[in-house]
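Let's take a walk through this protein model, one piece at a time. Keep the 3D view open and follow along as each part comes up.

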Amino acid sequence: MTESRSIRIEALTRVEGEGGLHVKLNGGIIEDVQLAIYEPPRFFEAFLRDRSLEEVPDITARICGICPVAYQMSAVHALEAALHVAITPEIRRMRRLLYCGEWIESHALHMHLLHAPDFFGVDSGIELAERFPDEVNRGLRLKKHGNELLEVLGGRAIHPINVAVGGFYRAPKRDELQRLIPDFEWGLQAAVATTRWVATLDFPDFERNYDMVALSHPDEYPMNEGQVASTSGLLIDVADYEGEFAEEHVAHSTALQSVRTSVNNCYHVGPLARVNLNFDRLSPIARRVADEIGFAPPCLNPFRAIIARGLEVIHAYEETLGILRDYRPFKPPRIEYEYSAGEGCAATEAPRGLIYHRYAINDAGKITFAKIVPPTSQNQRQIEDDLRDWLPNVMRDDDRQTASDCERLIRSYDPCISCSTHFLNLTVERTQS
Amino acid sequence: MKSPVQQTLPDIHRKPRLAVFKFASCDGCQLSLLDCEDELLAVAGAVDIVHFLEATSRIEPGPYDIAMVEGSITTPHDAERIQEVRRQSRFLMTIGACATAGGIQALKNWADHEDFLRCVYARPEFISTLETSTAIADHVAVDFELRGCPINRHQLIEVLMSLISGHKPRTATHSVCLDCKRRGTVCVEVARGIPCIGPVTQAGCGAICPAYDRGCYGCFGPAAQPNCDSLTSQYLGTGSTRETLVPLLHNFNADAPPFRDAGNRLRQPATPSSTGGRS
């Protein structure tokens with residue numbers, strides 16, 4: 001007699017947005033693993049059509065309240081490509097500064113409130129604060145700095161209002177940015193202490209032979225531009241992205257899933273991919289801390305992504321300080337352009353991984369086509385693939401414990417289900433046959 | 001049957017049980033609670049957070065004393081789920097433009113739903129959605145509505161603290177215009193001719209857009225007694241086109257009646273067939 005069972009997580013917790021997991025087992029054999037995304041579809045690509053291109057950064061921000069800047073940055077770069085607009089070095093620097101704010105805010109949130117509780121068997125960051133008040137309070141302060149930077153430069157932290165096609169509506173005043181320097185000097189030291197702390201966590205012994213994909217840029221740690229690189233040796237221009245990566249629609253998900261078509265395989269995007277592919281372009285202090293804690297690329301343990309996030313927070317603080325100290329107000333804040341029909345694409349690095357946008361516009365400045373590929377839909381199939389390998393390690397008689405161990409793995413990706421819709425509920429099914 | 005709207009949280013002599021629920025949305029409004037970095041641990045100490053999927057793995061069944069609802073109703077399943085949330089909640093408040101007015105996804109109320117499905121999904125048959133995106137109050141009684149896309153976290157803390165201390169929560173209903181004056185921002189419409197819907201939009205954001213050299217685009221929805229037609233005819237007289245004004249009204253609070261109807265009236269002469277949206 002073979003025992004077939006199924007494990008279900010109806011609602012994954014400490015992830016952004018809503019989804020579940022359904023695992024079907026037959027004896028010791030895993031028959032199916034489905035990361036179910038039941039987040040209701042919101043049809044952004046459809047209602048962007050016929051809207052003015054100036055509205056696109058405001059509208060696409062609303063895809064995700066956690067990483068609106070990623071959507072805004074990808075949108076403006078893609079539209080500028082379509083309009084043949086070249087931005088100035090000053091605007092480019094301010095966009096990196098804005099992205100630093102989002103990386104700090106999003107990473108500090110995930111590290112302290114969402115991921116760290118897993119290593120201590122508690123339900124939330126709030127509970128964790130009872131055992132580690134100093135660490136959690138430090139994390140909240142780091143998070144607050146990220147938000148403050150977004151508020152000064154973007155107008156507000158969630159759905160910033162200052163991002164425009166061509167640049168910014170208004171360049172920040174010198175004192176608005178200089179006021180932030182003392183907090184960021186404290187924060188750089190705090191980010192180092194946080195990274196040292198997460199490096200001491202007890203990580204499961206689990207590695208996978210990932211194909212990791214991230215932007216790569218010869219001179220800088222990738223945020224707003226670069227080529228698409230992978231640990232298996234791929235190096236292509238962003239314009240060739242759709243030739244190499246495709247989205248597929250499966251029944252259990254309102255998110256589309258991405259695959260690398262040339263090898264018909266899943267791939268891994270996010271902070272681990274970025275660090276592995278761009279380690280030598282991390283800031284000096286981030287590299288020094290990596291050496292000190294013994295973190296060397298390639299790191300293939302998904303649970304250690306929390307360390308990669310820590311290194312990126314250090315990097316973001318260091319880069320922010322450099323920009324804040326040298327800042328002089330600039331003109332113009334925004335490059336003028338004229339409407340012409342065209343098409344453009346761009347990829348940038350959201351906190352949780354590569355994000356790709358492509359738009360077509362007409363000569364009246366209206367959107368005629370939009371395609372948006374968020375990081376989590378690219379990771380979705382990789383997470384399912386990881387779970388097939390992870391499940392034999394964590395299979396117990398108690399389905400709830402098994403489910404909880406699966407959820408830990410999923411959470412290490414910092415999945416953002418709200419934005420992948422176009423993600424998750426864990427269910428384990430056990431029947432006898 | 002819809003239960004009567006409550007003014008305050010009934011006296012319960014213990015920490016209120018707080019639940020956060022999500023419907024179609026971006027997560028930004030519930031993130032606003034986690035963004036109260038300075039107050040988060042204090043707030044968490046003043047209430048018992050028993051259901052907040054984004055923040056904790058603790059999941060307890062109802063009843064709940066305070067339910068905060070984010071997101072709009074866009075699927076048959078969610079239309080049923082909100083009924084259960086209402087049954088389990090003493091005081092139900094909506095947080096944000098999606099829950100309060102249908103959100104940006106309410107733009108589909110003006111569109112051909114089948115066309116939208118085909119536009120995004122290769123296999124539309126896998127997707128189950130309603131043809132509309134509607135506010136929570138269209139489905140159940142709502143005790144308090146907190147506006148904004150996103151909500152203002154200071155207003156959120158204020159409302160929560162009022163409820164915990166047994167007071168009726170209040171938020172200002174005046175327009176963004178007034179906050180610009182308080183902030184000392186030069187009017188972008190008067191000085192530079194930039195169309196701005198601050199005069200008809202409820203305050204709450206801090207009047208940020210005009211302070212960043214752009215017009216208000218209505219994140220907090222209609223202010224009290226807004227005269228949208230007067231504003232749009234003024235703008236039409238000073239060089240704005242219907243084509244630029246309709247999207248200003250029909251965006252993040254498109255299905256809030258004053259914005260919806262004023263936008264529809266602007267659309268009408270130009271494209272008689274496009275007067276969709278519910279009325």
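## A covered strand in chain B

Start with strand β1 of chain B, residues 17-22, which is mostly covered: six of its six residues are buried. Keep in mind as you look around that this is a predicted model.

In a regular strand, side chains alternate between the two faces of the sheet. Which residues of β1(B) sit on each side? Arg17(B), Ala19(B) and Phe21(B) are on one side, while Leu18(B), Val20(B) and Lys22(B) are on the other. Both faces are covered, and all of these residues are buried.

## The neighbours of β1(B)

Now see who β1(B) pairs with. One partner is strand β2 of chain B (residues 48-52), joined to β1(B) in the parallel sense over four bridges. To find the spot, look for Arg17(B), which stands opposite Asp48(B) in β2(B). Another partner is strand β3 of chain B (residues 64-70), which runs parallel to β1(B) and is linked to β1(B) by five bridges. Here Val20(B) stands opposite Met68(B).

Carry on from β3(B) and you reach strand β4 of chain B, residues 89-95. These two strands, β3(B) and β4(B), run parallel and share five bridges, with Tyr64(B) standing opposite Ser89(B). Strand β4(B) is mostly covered as well, with six of its seven residues buried.

Next, find Leu53(B) in the loop between β2 and β3 of chain B. Is Leu53(B) buried or exposed? It counts as buried because 21 other C-beta atoms lie within 10 Å, and the cut-off for buried is 20 or more.

Leaving aside residues up to four places away in sequence, Leu53(B) touches Ala11(A), Thr13(A) and Glu18(A).

## Where the two chains touch

How many residues does each chain bring to the contact? Chain A brings 48 residues and chain B brings 48 residues. On the chain A side, α1 (44-47), α2 (56-61), α4 (89-115), α5 (125-131) and α6 (133-154) each supply at least two residues. Helix α6(A) gives the most, with five residues.

What kinds of residues are they? Sorted by class, the side of chain A that touches chain B has 20 nonpolar, 13 polar and 15 charged residues.

## Two open sheets in chain A

Chain A has an open sheet of three strands in the order β6-β7-β8, with antiparallel pairing. Its edges are β6 (213-216) and β8 (235-236), each with a single partner strand, so one side of each has no neighbour in the sheet. Two bridges join β7(A), residues 227-230, to β8(A), and Ala229(A) stands opposite Leu235(A) in β8(A).

Another open sheet of three strands has the order β11-β12-β13 (chain A), again with antiparallel pairing. Its edge strands are β11 (342-350) and β13 (367-373), each pairing on one side only. Ignoring direction, neighbouring strands of this sheet are turned by 15° against each other on average. Six bridges join β12(A), residues 353-361, to β13(A), and the bridge partner of Arg358(A) in β13(A) is Lys371(A). Helix α13 of chain A (residues 375-394) packs on this sheet and touches β11, β12 and β13 of chain A. The direction of α13(A) makes about 130° with that of β12(A).

## Helix α10 of chain A

Go back to the sheet with β6(A) and look for helix α10 of chain A, residues 271-278. Helix α10(A) lies across β6 and β7 of chain A, at about 50° to β6(A).

This helix also packs with α12(A), residues 305-326, at an angle of about 65° and with their axes 8 Å apart. That angle makes α10(A) roughly perpendicular to α12(A), and the crossing is left-handed. Which residues meet there? Pro271(A), Leu272(A) and Val275(A) from α10(A) meet Ala305(A), Ala308(A), Arg309(A), Leu311(A) and Glu312(A) from α12(A). By class, this contact has six nonpolar, no polar and two charged residues.

Notes:
Residues are numbered from 1 along each chain as its sequence is written. Chains are lettered from A and ligands numbered from 1 in the order in which they are written. This is a predicted model: local features need pLDDT of at least 70, side-chain atom pairs count only at pLDDT 80 or more; totals for chains, interfaces and linings use all residues. A residue is buried if 20 or more other C-beta atoms lie within 10 Å of its own, exposed if 12 or fewer, and partly exposed in between; C-beta atoms are placed from the backbone. Two strands pair if DSSP finds at least two bridges between them. Two residues are in contact if their C-beta atoms, placed from the backbone, lie within 7 Å. Axes are lines fitted to C-alpha atoms, for helices over the stretch in contact, and angles run from 0 to 180 degrees between N-to-C directions. Ala, Val, Leu, Ile, Met, Phe, Trp, Tyr, Cys and Pro count as nonpolar, Asp, Glu, Lys and Arg as charged, and the others, Gly among them, as polar. Angles under 35 degrees count as roughly parallel, over 145 as roughly antiparallel, 65 to 115 as roughly perpendicular and the rest as oblique. A crossing is left-handed if the near helix is turned anticlockwise from the far one by less than a right angle, and right-handed if clockwise.
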